[in-house]
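Subject: Handover of a structure and its findings

Dear colleague,

Please find below the structure that I am handing over to you. I would ask you to keep it open while you read the notes that come after it.

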Amino acid sequence: MLAKYFFSGLLLQMPRIDGVESQTISEFIQPHDVEFQSFNFNNTLHWKIKQTHTSHRAVYFVQYKMYGQNWKNKEECWGIQEDFCDLTNETSAVRDPYYGRVKAALAGVSSGWSISSRFNPWWDTKVGPPSHIRVSRSNGLISVTFQAPNSPYKSKNGSNIPMSNYHSLSFQVYQTSAIHHTLEKKKVYEGTDTVFVIDDVAPWSSFCIRAKTHLSFLDHSSPESKETCSAPVE
């Protein structure tokens, strides 16, 4: 209820644009292409806006709901000027479907609501590459360790829950080298373990890798990680 009064009060305080019909303003500021973007269950509602040629900037009001429930205000995104809103905490039941909607206000005029399509974090999130990659060399062997990407959600001990707790993940690791100014890649590992060992066939040169995560359930692969290297053995 407080948010409703705040919205009404904000409209009354906004400066008017002389000579412009309210209906024209309402249509002009209507948000469009409202959609969720999700990366490792970091779920953000985005929308597009038309560029204004006045000194005034529209403000935006965001609501969300789980399918079958009532709309709720996102208090931190009520009267904002950004064109996005973080709804990660509000969409933490990752197997359930959600909707988001946004409306704009400018010069004392409010647009209608623009609604996203149905969003299901379980199906729609994009997974990131492995993290904390380490490469070490010892006794003619190369050991590679890494971690599954983390979700934003916390376990009881306060640590981030890895994405592997939600989905079955596999990993692909590539040895990289620059040959004649061209990046060459050779797959050296594919599997579900986060530790593997291979023979060190060229201890006199650097050993560099990049890795990516594969989500077979959705047939989706992450971008590659940044390159991680081990120095030559002295």
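The notes below describe the chain as a whole, then its disulfides, its strands and its salt bridges.

This is a predicted model, in which local features need pLDDT of at least 70 and side-chain atom pairs count only at pLDDT 80 or more, while totals for chains, interfaces and linings use all residues. Residues are numbered from 1 along each chain as its sequence is written, and side-chain values use heavy atoms, with hydrogens and water left out.

**The chain as a whole**

The chain contains three helices and 18 strands. Helices (H or I, at least four residues) and strands (E, at least two) are DSSP runs, numbered from the N terminus. Of its 234 residues, 42% count as buried. Here buried means under 20% relative accessible area, exposed means over 50%, and partly exposed lies in between, with a 1.4 Å probe and protein chains only. The chain exposes about 13,600 Å², and carbon and sulfur atoms supply 49% of that area. Accessible areas come from the Shrake-Rupley method with a 1.4 Å probe, and for residues only the protein chains shown count as cover. Among contacts in the chain with a separation of 6 or more, 59% are made by residues 24 or more positions apart; a contact means heavy atoms within 4.5 Å.

**Disulfides**

How many disulfides does the structure hold? There are two, a disulfide being a pair of cysteine sulfur atoms within 2.5 Å. When the bonded cysteines are numbered in sequence order, the pairing is 1-2, 3-4.

The link of Cys 77 and Cys 85 is right-handed, with 95 degrees about the S-S bond. Cys 77 counts as buried because its relative accessibility is 6%, and Cys 85 is buried with a relative accessible area of 1%.

Another disulfide joins Cys 208 to Cys 229, with an S to S distance of 2.0 Å. This pair links distant parts of the chain, 21 residues apart: Cys 208 is in strand S16 (residues 207-215) and Cys 229 is in strand S18 (residues 228-230). The link of Cys 208 and Cys 229 is right-handed, with 110 degrees about the S-S bond. Cys 208 is buried at 11%, whereas Cys 229 counts as partly exposed at 41% relative accessibility.

**Strands and sheets**

Two strands pair if DSSP finds at least two bridges between them. An open sheet of three strands has the order S9-S10-S15, with antiparallel pairing. Strand S9 (131-138) and strand S15 (195-199) stand at the edges; each has a single partner strand, so one side of each is left without a neighbour in the sheet. Neighbouring strands of this sheet are turned by 15 degrees against each other on average, direction ignored; axes are lines fitted to C-alpha atoms, for helices over the stretch in contact, and angles run from 0 to 180 degrees between N-to-C directions. Strand S10 (residues 141-147) pairs with S15 over five bridges in the antiparallel sense, and Thr 145 stands opposite Val 195 in S15.

Strand S3 (residues 59-66) and strand S4 (residues 72-80) run antiparallel and are joined by four bridges. The bridge partner of Phe 61 in S4 is Trp 78. S3 and S4 form a hairpin with five residues between them, and Gly 68 in the turn has a positive phi of about 90 degrees.

**Salt bridges**

Side chains of opposite charge can pair when their charged atoms come close. A salt bridge is a side-chain nitrogen of Lys or Arg within 4 Å of a carboxyl oxygen of Asp or Glu, and by this rule the count comes to seven.

Lys 74 and Glu 90 meet in a salt bridge at 2.8 Å, N to O. Lys 74 lies in strand S4 and Glu 90 in the loop between strand S5 (84-86) and strand S6 (98-106), so the pair ties together parts that are 16 residues apart in sequence. Lys 74 counts as buried, at 8% relative accessibility.

Asp 200 forms a salt bridge with Arg 137, the closest N and O atoms being 2.8 Å apart. Asp 200 lies in the loop between S15 and S16 and Arg 137 in strand S9, so this pair ties together parts that are 63 residues apart in sequence. Asp 200 counts as buried at 12%, and Arg 137 is buried at 16%.

Yours sincerely
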